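Welcome! Let's get to know a new structure together, one question at a time.

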Amino acid sequence: MQGAPTITPLLFPQRSDPRLLSQFFFADERVTRVVAEINGLDAELDPQQYLVLLNQLHLSQAHLLAVLERIMEECIPTQRHSRDYLVKFPEELLVDNLGNHMLFAAECLLAGTFLEMEESDGAQLIPQARNLLCSLELVRTVLREQSLSQPNSYPEPVRAVLIQFDRLFAEFELSYVSSLVAVKSPDEIFRQQEIIVLFCETVERALHLGYLTQEMIDGYEPLLMFTIPRLAIISGLLIYPEGPLSLERSPEEMSRVFSPFYSLLKKISPQPLESGPGMGVNASSGACCSELRSRYSSTKDMLHTLFVCISGVADQLQTNFASDMRSILKTVFKIVCSQAEPSEEQSYSKEKDGDSCVTDTPRVADCPLCSSPTEAARLRRAAGARHLPEWVPDSTCSQCSACRSPFTLLRRRHHCRCCGKIFCARCSPNTAVLPYYGQTKPVRVCTHCYTTHLPPTARCARSQ
């Protein structure tokens with residue numbers, strides 16, 4: 001019959017299908033089924049079953065969002081909305097299931113329930129919540145239809161709705177959290193960065209003088225959580241008096257971490273003296289120390305008083321500003337820990353019979369390609385290896401497979417499309433085409449696979 005419309009056949013996905021759109025189809029189906037059961041249940045007659053279903057809904061929504069996050073990382077990795085605002089959030093809010101909490105909050109706002117906020121603040125967030133939930137429903141519809149027709153591709157309409165959802169989600173997340181807690185201002189973030197620099201300088205100086213060892217830093221010695229802040233206070237007052245602990249600033253100009261202790265710091269700090277003609281820095285510092293000693297009856301009395309005061313400030317920092325101190329110390333450890341530098345011999349493998357030498361290249365623990373040289377050789381020749389790598393579930397991996405850094409909301413999980421393992425963004429900054437896996441467009445790969453298992457012809461420009 002002429003003029004009849006072309007009907008695209010539906011390809012019902014299999015549960016064993018590792019493709020993300022197929023996984024999304026079943027995750028979405030699970031959420032729909034649980035919602036239907038809740039709507040058909042009388043909560044007053046069976047409150048226990050109602051609570052069970054609510055818990056199932058929470059888990060199924062979390063799984064749906066996790067799959068959706070992986071789809072966006074694969075489909076629009078360079079078009080994701082910026083999440084730089086997360087640095088303003090208190091660390092205790094940066095949990096893995098924050099996204100699920102945001103959707104629950106949006107649903108509550110749309111239902112007229114204002115959790116832990118003023119009604120006026122909640123009313124202003126209702127339009128954002130409505131737009132977010134409508135966008136999510138559109139994403140679910142579009143991805144479900146795509147999974148039944150062409151689960152291997154992401155056409156432009158799919159990419160457009162994902163970009164819109166990602167933007168609306170980020171905007172609602174920032175607005176909602178800002179209405180609940182005090183987020184850091186740009187000035188406060190800068191002041192905290194000054195403190196991080198002070199702490200790093202203190203640790204470097206302590207390492208040079210032998211007060212600390214690199215083994216203690218690399219081993220995350222628990223006592224350093226108490227030692228470093230104490231040493232940093234001394235450094236900030238005596239060695240770097242113009243830094244973040246400068247008492248020439250007003251309390252309002254100091255970081256909120258140290259400003260409550262301004263008066264105490266002023267008492268234990270030597271008063272700055274004017275250096276006369278010909279007096280160098282050492283002479284001025286010596287005069288300050290002499291002035292400090294003159295306040296006490298003996299050296300023993302001075303050391304005891306200073307120890308008690310400095311320890312008191314450091315202990316209150318750990319108690320009253322626990323979240324800020326965790327964030328500061330975490331960054332300090334990341335900066336001053338030893339970094340493994342790959343040698344040139346490791347970075348470049350020699351060619352033998354057209355194949356790279358696998359034994360001389362850096363390895364990732366349990367890399368499926370390193371453990372199977374034959375499979376790795378077939379991969380590099382782009383012949384044979386058609387089956388997809390085994391995809392490591394997010395729930396089973398809490399740290400980067402390469403650098404072992406723990407995953408947080410800021411340090412996100414990224415799957416390598418070549419070996420299937422999970423890495424942080426720093427250890428998977430490259431993209432490559434993998435035609436033997438059906439990936440004809442550049443996809444994310446880890447540094448290990450990029451330098452070890454992929455031929456130069458498959459490598460693409462460094463991802464942003």
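Q: Which residues of helix H8 (residues 224-239) are buried?
A: This is a predicted model, and residues count as buried when their relative accessible area is under 20%. By that cut-off, the buried residues of H8 are Leu 224, Ile 228, Pro 229, Arg 230, Ala 232, Ile 233, Ser 235, Gly 236 and Leu 237.

Q: What covers the buried residues of H8?
A: Several other helices take part in the cover. Included are helix H6 (186-209), helix H7 (214-218), helix H9 (262-268), helix H11 (299-320) and helix H12 (322-336).

Q: Is Leu 212 buried or exposed?
A: Leu 212 sits in the loop between H6 and H7. Setting aside residues up to four places away in sequence, Leu 212 touches Val 203, Ala 206, Leu 207, Leu 224 and Thr 227. Its relative accessibility is 4%, so Leu 212 counts as buried.

Q: How many Å apart in space are Leu 212 and Leu 224, C-alpha to C-alpha?
A: Leu 224 is one of the residues that Leu 212 touches. In sequence, the two are 12 residues apart. From C-alpha to C-alpha, the distance between Leu 212 and Leu 224 is 8.9 Å.

Q: Which residues is Asp 324 in contact with, leaving aside its neighbours within four places in sequence?
A: Asp 324 is found in helix H12. With 4% relative accessibility, Asp 324 counts as buried. Leaving aside neighbours within four places in sequence, its contacts are Lys 184, Gln 192, Arg 256 and Val 257.

Q: Are H4 and helix H5 (residues 156-180) roughly parallel or roughly antiparallel?
A: The axes of H4 and H5 come within 9 Å and cross at roughly 150 degrees. Angles over 145 degrees count as roughly antiparallel. H4 and H5 are therefore roughly antiparallel.

Q: By class, what does the contact of H4 with H5 have?
A: H4 passes H5 in a left-handed crossing. On the H4 side, the residues that meet H5 include Leu 125, Leu 132, Leu 136 and Val 139. Those of H5 include Val 161, Phe 165, Leu 168 and Phe 172. By class, the contact has 16 nonpolar, seven polar and one charged residues.

Q: How is helix H1 (residues 20-39) placed against helix H4 (residues 119-149), and what is the word for that angle?
A: The axes of H1 and H4 come within 9 Å, and they cross at roughly 130 degrees. That angle makes H1 oblique to H4.

Q: Is the crossing of H1 and H4 left-handed or right-handed?
A: Leu 21, Phe 24, Phe 25, Asp 28, Val 31 and Thr 32 in H1 meet Arg 140, Leu 143, Arg 144, Gln 146, Ser 147 and Leu 148 in H4. By class, this contact of H1 with H4 has six nonpolar, three polar and three charged residues. The crossing of H1 and H4 is left-handed.

Q: Are helix H2 (residues 47-75) and H4 roughly parallel or roughly perpendicular to each other?
A: The axes of H2 and H4 come within 13 Å and cross at roughly 70 degrees. Angles of 65 to 115 degrees count as roughly perpendicular. H2 and H4 are therefore roughly perpendicular.

Q: How do the residues of the contact of H2 with H4 divide?
A: From H2, the contact takes in Leu 64, Leu 68 and Ile 71. From H4 come Leu 136, Val 139, Arg 140 and Leu 143. They divide into six nonpolar, no polar and one charged.

Q: What is the relative accessible area of Arg 404?
A: Arg 404 lies in the loop between helix H14 (373-380) and strand E3 (414-415). Its phi is near 70 degrees, a positive value in a residue other than glycine. Arg 404 is partly exposed, and its relative accessible area is 41%.

Q: What pLDDT does the protein chain average?
A: pLDDT stays under 50 over residues 272-282, where the model has six contacts beyond four places in sequence. Residues 380-385 also stay under 50, with 14 such contacts. Across the protein chain, 77% of the residues score at least 70, and the average pLDDT is 77.

Q: How many of the 464 residues of the protein chain, in percent, count as buried?
A: The secondary structure of the chain comes to 15 helices and six strands. Among contacts between residues at least 6 apart in sequence, 64% join residues at least 24 apart. The share of the 464 residues that count as buried is 41%.

Note on methods:
Residues are numbered from 1 along each chain as its sequence is written. This is a predicted model: local features need pLDDT of at least 70, side-chain atom pairs count only at pLDDT 80 or more; totals for chains, interfaces and linings use all residues. Side-chain values use heavy atoms; hydrogens and water are left out. Axes are lines fitted to C-alpha atoms, for helices over the stretch in contact, and angles run from 0 to 180 degrees between N-to-C directions. Helices (H or I, at least four residues) and strands (E, at least two) are DSSP runs, numbered from the N terminus. Angles under 35 degrees count as roughly parallel, over 145 as roughly antiparallel, 65 to 115 as roughly perpendicular and the rest as oblique. A crossing is left-handed if the near helix is turned anticlockwise from the far one by less than a right angle, and right-handed if clockwise. Contact means heavy atoms within 4.5 Å. Ala, Val, Leu, Ile, Met, Phe, Trp, Tyr, Cys and Pro count as nonpolar, Asp, Glu, Lys and Arg as charged, and the others, Gly among them, as polar. pLDDT is the predictor's confidence in each residue, from 0 to 100. Buried means under 20% relative accessible area, exposed over 50%, partly exposed in between (1.4 Å probe, protein chains only).
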